[in-house]
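Please examine the structure shown below together with its sequence. The paragraphs that follow lead through a selection of its features, one region at a time.

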Amino acid sequence: MKLEGIHHITAITGDAQKNVDFYAGVLGLRLVKKTVNQDDPTVYHLFFADENGDAGSDLTFFEYPGAPPGRTGDGMIWGIRWRLGNPDALDFWAERLKEHGTETELTDGVLRFTDPEGLGHALKVVDTSDEPLVANHPEIPEDLALQGFDGAIACSSNSEASRPLLEEALGFQPLPGEAGQSGWECRGDSRGGLWGYSEPPPERGLQGAGSVHHIAWASQIEDHEAWRERVIQAGARPTPVIDRFYFRSIYFREPSGVLFEIATLGPGFTVDEPLESLGEKLSLPPDYEHLREQVEPVLRPITNPRVAA
Ligand code: ZN
């Protein structure tokens with residue numbers, strides 16, 4: 001039984017339109033699902049991914065309109081790294097981000113920037129046999145596009161406390177770390193993703209716009225219940241299995257305080273709309289369909305730059 005790397009990462013935005021403009025318009029991801037937060041159906045839940053809506057490339061946002069900016073602290077994810085497949089891509093992205101008013105910094109072959117709300121991203125050319133997970137965008141040549149997640153990093157004041165759960169229960173493999181950082185690889189049969197911690201800043205963290213809410217690791221559908229048992233044996237307290245309609249999930253805090261989810265690879269985003277028109281209209285899972293008349297007028301309409309193009 002192996003986890004197949006990162007399934008998705010979920011963050012918070014205070015402005016859905018600005019969020020779509022940046023992730024679909026500038027970064028060139030595909031908005032593959034426009035739905036509502038199942039725990040609060042008056043707010044958007046937006047899913048960006050590759051062309052097919054594959055796990056491993058799926059960055060999602062809850063929109064809390066006007067949410068004040070968050071601040072990274074202990075037990076919070078502060079950085080997301082994406083794969084590039086071509087050394088020319090670093091120059092391309094430095095140029096493209098600059099054109100769109102985003103400052104970048106290139107250090108040791110890693111291009112760093114933040115989204116308009118302060119969420120940290122990095123791009124790195126990675127040599128891997130994992131399938132490149134690419135979305136189509138008219139201004140971004142396919143060989144220069146983002147290819148899915150490479151990894152994520154959180155703050156921890158005691159990352160050693162997380163080691164037993166990560167290694168013994170979840171099967172993460174330790175990597176040689178840089179000073180002040182610890183790192184692991186979560187690799188399955190088809191895909192892998194990196195996970196690490198750095199020292200936290202002195203201030204307490206605050207959830208808000210531009211902060212990451214949780215990270216989900218990918219499970220085969222048939223292993224999902226067994227992962228829950230393993231997490232319990234490791235001393236964590238997972239939720240029951242929750243049906244998120246596009247996948248099934250369990251959630252628990254790992255010992256450094258980061259909210260982890262284990263989500264199934266399937267059924268996926270084509271369960272309620274065809275691949276060609278993913279994300280174009282508001283999708284409501286069957287249990288929420290009766291709320292459409294109340295929910296739809298409350299949500300501010302979004303213009304997807306890709307559809308507009
Ligand atoms: Zn999630």
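The buried residues of helix H4, which spans residues 224-233, are His-224, Trp-227, Arg-228 and Val-231. Viewed down the axis of H4, these buried residues fall within an arc of 105°, so they line one face of the helix. The face turned away from that buried side carries the exposed residues Glu-225 and Gln-233. The model described here is a predicted one.

Just after H4, the backbone at Gly-235 adopts a positive phi of about 95°.

The zinc ion has as its protein donors His-8 through NE2, His-214 through NE2 and Glu-261 through OE, which lie 1.9 to 2.0 Å from the ion. Along the sequence, the spacing of these donor residues is H-x205-H-x46-E. Because His-214 lies in strand E13 and Glu-261 in strand E16, this pair ties together parts that are 47 residues apart in sequence. Both residues can also be described by their accessibility. His-214 has a relative accessible area of 4% and is buried, and Glu-261, with 0% relative accessibility, likewise counts as buried.

Gly-266 and Pro-267 are joined by a cis peptide bond, with omega about 10°; Pro-267 is itself a residue of strand E16.

Asp-108 is not a glycine, yet it has a positive phi of about 50°. Asp-108 is placed in the loop that runs between strand E6 (105-107) and strand E7 (110-114), and with 76% relative accessibility it counts as exposed. Phe-245, also a residue other than glycine, has a positive phi near 70°. Phe-245 belongs to the loop between strand E14 (242-243) and E15. With a relative accessible area of 21%, Phe-245 is partly exposed, since the cut-off for a buried residue is under 20%.

Attention now turns to a pair of helices. Helix H1 (residues 16-26) packs with helix H2 (residues 88-99) at an angle of about 145°, and their axes are 12 Å apart. The crossing in which H1 passes H2 is right-handed. On the H1 side the contact is made by Phe-22, Gly-25 and Val-26, and on the H2 side by Trp-93, Arg-96 and Leu-97.

The last stop is His-121, a residue of strand E8 (residues 120-125). His-121 is buried, its relative accessible area being 3%. Which residues is His-121 in contact with, once its neighbours within four places in sequence are left aside? They are Tyr-23, Leu-59, Ile-80, Trp-82, Leu-111, Arg-112, Phe-113 and Asp-115. A separation of 8.5 Å lies between the C-alpha atoms of His-121 and Trp-78, two residues that are 43 residues apart along the chain.

Note on methods
Residues numbered from 1 in each chain as written. Predicted model: local features only at pLDDT ≥ 70, side-chain atom pairs only at ≥ 80, totals over all residues. Heavy atoms only, no water. Buried < 20%, exposed > 50% of the residue type's maximum accessible area, 1.4 Å probe, protein only. Helix = DSSP H or I, 4+ residues; strand = E, 2+ residues; numbered from the N terminus. Arc of directions from axis to C-beta. Donors = N, O, S within 2.8 Å, 3.2 Å for Na, K, Ca; no water. Axes fitted to C-alpha atoms, helices over the stretch in contact; angles between N-to-C directions. Left-handed = near helix turned anticlockwise from the far one by under 90°. Contact = heavy atoms within 4.5 Å.
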